[in-house]
Each structure stands twice: as C-alpha cells, then as structure tokens.
Amino acid sequence: MSESSNRQLALRWLEYARNDLQAASVILSRDDVAPRTACFLAQQSAEKALKAILVLKGLNVIKTHDLDAITEKLPKNESTVFESLDLTWLTEWSVESRYPGDWPEASSEDAKKAVAIATEVLDVSTSFFLANEHILRHFDTKYEAF
C-alpha cells in the first residue's frame with residue numbers, strides 16, 4: 001500500500017477511535033446505560049487508535065484486542081510513550097464488558113478510568129499523526145523546488 005493510502009486508511013481508524021471515545025464519554029453522563037458499555041467503547045477506541053499508528057507506519061494490523069500486544073508491534077520510540085498507561089487493565093474490558101462471567105460488574109469509576117486511558121491513547125496517537133504530517137509537509141515543500 002502506498003504512503004498516501006496508508007495515511008488515508010489510518011485516518012479512518014483514527015476517526016473510528018474518536019467516535020468510540022465520544023460514545024463512551026456520552027455514556028458516562030447517563031444513568032440508564034451500564035458503565036461496562038463505556039469501558040468496552042473506551043477499550044475499542046484505544047485499540048483502533050493504536051492500530052491507526054500501525055497502518056500509518058505501513059505495519060500489519062494484528063487481529064487482537066490485546067493493547068499491550070499491539071504496542072509491542074510499534075517501533076520502539078512510539079511504543080515507549082504508552083508504557084505508563086494501564087493498557088493491560090483496559091484490555092480486560094474487551095471481553096469482560098460484553099459477556100456475563102465470573103468477574104465484578106464495571107463501576108462508574110471503572111468507566112471514568114477507562115475513558116481517561118483511552119483519551120490519552122487517542123491524544124498520543126493523534127500527535128504521532130500530526131508529527132508525521134509536519135514531516136511530510138516539510139519534505140513536500142523542500143522537494144518542490146526540484
């Protein structure tokens with residue numbers, strides 16, 4: 001896939017991530033929707049934001065919900081930015097929030113924490129995008145003279 005195609009597809013991944021995060025944020029303010037739904041959407045947002053970076057870099061998107069596994073596929077300088085975030089905890093909501101099981105129900109505090117982590121992942125992912133756009137614009141301008 002060309003760099004331009006990668007960029008366009010990555011933008012779509014980022015848009016889906018932003019949409020999931022917006023929906024999760026709306027749910028936080030509602031009493032009639034289970035907090036586990038916000039946790040699930042927050043996890044999905046983070047997953048899509050991380051996969052957007054893979055696409056942008058021309059790397060294969062792995063079929064997993066494991067956020068740590070996705071960050072391991074990123075170049076080292078990109079993956080280290082996410083180390084301070086509790087991605088392991090957020091990953092748990094990819095399954096626990098969707099199916100009944102032998103685990104506690106999500107609380108509103110869990111939902112707030114999930115949305116906060118996903119917001120950080122999306123913000124950092126977007127910053128990689130903006131940095132990449134700046135670099136591309138620099139090279140485009142630099143080589144227009146040739």
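Glutamate 105 and arginine 36 are joined through their side chains in a salt bridge, with a distance of 2.6 Å from N to O; a salt bridge here is a side-chain nitrogen of Lys or Arg within 4 Å of a carboxyl oxygen of Asp or Glu. Because glutamate 105 lies in the loop between H6 and helix H7 (108-144) while arginine 36 lies in helix H2, the pair ties together parts that are 69 residues apart in sequence. Arginine 36 is partly exposed, its relative accessible area being 33%, where buried means under 20% relative accessible area, exposed means over 50%, and partly exposed is in between (1.4 Å probe, protein chains only).

The model is a predicted one, in which local features need pLDDT of at least 70 and side-chain atom pairs count only at pLDDT 80 or more, whereas totals for chains, interfaces and linings use all residues. Residues are numbered from 1 along each chain as its sequence is written, and side-chain values use heavy atoms, with hydrogens and water left out.

A search of the whole structure finds eight salt bridges, and one of them links aspartate 20 with lysine 48, whose closest N and O atoms are 2.5 Å apart. Aspartate 20 belongs to helix H1 and lysine 48 to helix H2 (residues 35-56), so this pair ties together parts that are 28 residues apart in sequence. Both aspartate 20 and lysine 48 are buried. Another salt bridge is formed by the side chains of aspartate 86 and lysine 113, at 3.7 Å from N to O. Since aspartate 86 sits in the loop between helix H4 (76-79) and helix H5 (87-91) and lysine 113 in helix H7, the pair ties together parts that are 27 residues apart in sequence. Aspartate 86 is partly exposed, with a relative accessible area of 35%, and lysine 113 likewise counts as partly exposed at 35%.

These helices belong to a protein with seven helices and zero strands, where helices (H or I, at least four residues) and strands (E, at least two) are DSSP runs, numbered from the N terminus. In helix H1 (residues 3-28), the 26 residues should span 38 Å at 1.5 Å a residue, and the end C-alpha atoms are 37 Å apart, which agrees; the expected span is 1.5 Å times one less than the number of residues. The buried residues of H1 include Asn6, Leu14, Asp20 and Ile27.

Leaving aside residues up to four places away in sequence, alanine 69 touches Ile62 and Thr64, contact meaning heavy atoms within 4.5 Å. Threonine 71 is buried, at a relative accessible area of 8%, and, apart from its neighbours within four places in sequence, is in contact with Leu50, Ser79, Phe82 and Leu87.

What share of the 146 residues in the protein do buried residues make up? Buried residues make up 40% of them. Among contacts between residues at least 6 apart in sequence, 67% join residues at least 24 apart.
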